[in-house]
Amino acid sequence: MISKCGMPIAEVNSKIENPGSESKKLIYTNQFKTVARLTKNQKAALSKIEANKAYSLQDASSLVKTINYTKFDSSVDIDVRLGVDPRKANQMVRGIATLPHGTGKTVRVLVLCTPDKEQEAKDAGADFVGLDEYIAKIEGGWTDVDIIITMPSVMAKVGRLGRILGPRNLMPNPKSGTVTTEVGKAVTDVKGGKIDFKVDKTGIIHASIGKVSFPADKIYENALEVLQTISKLKPSAAKGTYFKSIHISSTMSPGIEIETKTVAGI
């Protein structure tokens, strides 16, 4: 195969990997690879973060507010890389955390339940309540909700929606508290800041912990709740360092590394 410059790709790769000198390496790298360019806002954000420094959770919670440059109220996210092998069932980490200050997001909740539970769900603040009519809508492609809560007695009907809801991470699950007979309590919990998380195939947990408009102490307390919950879920089969790295960031901002020793209770 020939590259855009007319040179065989194998030869290009060889020259990049073995250029013979650092100066040649720079020339070849720039010639054959696209170099990402930072915007003015990205440079300004990066200038506020000290290179190779890990911050305390308290300091990072304040700093994440100052490196945001979006015109909207950005989400604040936490990314935790764990020393687990998620391919092994006994090292899977999945749990629920109730953020003391909520996520700052408007959560649209659909409750699929029997008629005797409909009023309970509505009183708790569910946005959509019903069963057969909503199952039909979902089968037709409608998924304009953030959380779906249902009951064990109707899972036979809801189960056939797995092909549609599964890829969108909307399928109710008993482990996340979204399959329950206490639908009113489940709705209240979700509206009040309850989140569920699961380690991905690379061993990382991603979770939203608020908005940049939150005071720094509320971002800190939400982050601490998530980290302490993850700590309690450490699998007995996991060996070595459990918390490999922790970063927090806002939408489109660079990540801020957290010094794990500064986090109480982990």
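## Helices H5 and H9

H5 and H9 are roughly parallel to each other, where angles under 35 degrees count as roughly parallel, over 145 as roughly antiparallel, 65 to 115 as roughly perpendicular and the rest as oblique. Helix H5 covers residues 115–123 and helix H9 residues 183–191; they pack at an angle of about 25°, with their axes 8 Å apart. Axes here are lines fitted to C-alpha atoms, for helices over the stretch in contact, and angles run from 0 to 180 degrees between N-to-C directions. Helices (H or I, at least four residues) and strands (E, at least two) are DSSP runs, numbered from the N terminus.

The model is predicted: local features need pLDDT of at least 70, side-chain atom pairs count only at pLDDT 80 or more, and totals for chains, interfaces and linings use all residues. Residues are numbered from 1 along each chain as its sequence is written, and side-chain values use heavy atoms, with hydrogens and water left out.

On the H5 side, Lys117, Glu120 and Ala121 meet Val183, Gly184 and Lys185 of H9, contact being heavy atoms within 4.5 Å. By class, this contact has two nonpolar, one polar and three charged residues; Ala, Val, Leu, Ile, Met, Phe, Trp, Tyr, Cys and Pro count as nonpolar, Asp, Glu, Lys and Arg as charged, and the others, Gly among them, as polar.

## The parallel sheet

Three strands form an open sheet in the order S4-S3-S5, with parallel pairing; two strands pair if DSSP finds at least two bridges between them. Strand S4 (128–130) and strand S5 (147–150) are at the edges with a single partner strand each, so one side of each has no neighbour in the sheet. Direction ignored, neighbouring strands of this sheet are turned by 15° against each other on average.

Strand S3 (residues 109–112) pairs with S5 over four bridges and with S4 over three bridges. Val109 stands opposite Ile147 in S5. Leu110 has bridge partners Ile148 in S5 and Phe128 in S4. From S3, Val109 and Val111 point one way and Leu110 and Leu112 the other way, and all are buried (buried is under 20% relative accessible area, exposed over 50%, partly exposed in between, with a 1.4 Å probe and protein chains only). H9 lies across S3 and S5, at about 160° to S5.

## The antiparallel sheet

A further open sheet has four strands in the order S7-S1-S8-S9, with antiparallel pairing. Its edges are strand S7 (204–211) and strand S9 (256–257); each has a single partner strand, so one side of each is left without a neighbour in the sheet. Strand S1 (residues 75–82) is joined to S7 by seven bridges, and Ile78 has Ala207 as its bridge partner in S7.

Helix H4 (residues 57–66) packs on this sheet and touches S1, strand S8 (243–250) and S9; the direction of H4 makes about 30° with that of S8. Helix H10 (residues 216–232) lies across S1, S7 and S8, running at about 25° to S1.

## Two loop residues with positive phi

Asn52 is not a glycine, yet has a positive phi of about 60°. Its place is in the loop between helix H3 (40–47) and H4. Asn52 counts as exposed because its relative accessibility is 83%.

Met252, in the loop between S8 and S9, also has a positive phi, near 70°. At 55% relative accessibility, Met252 counts as exposed.
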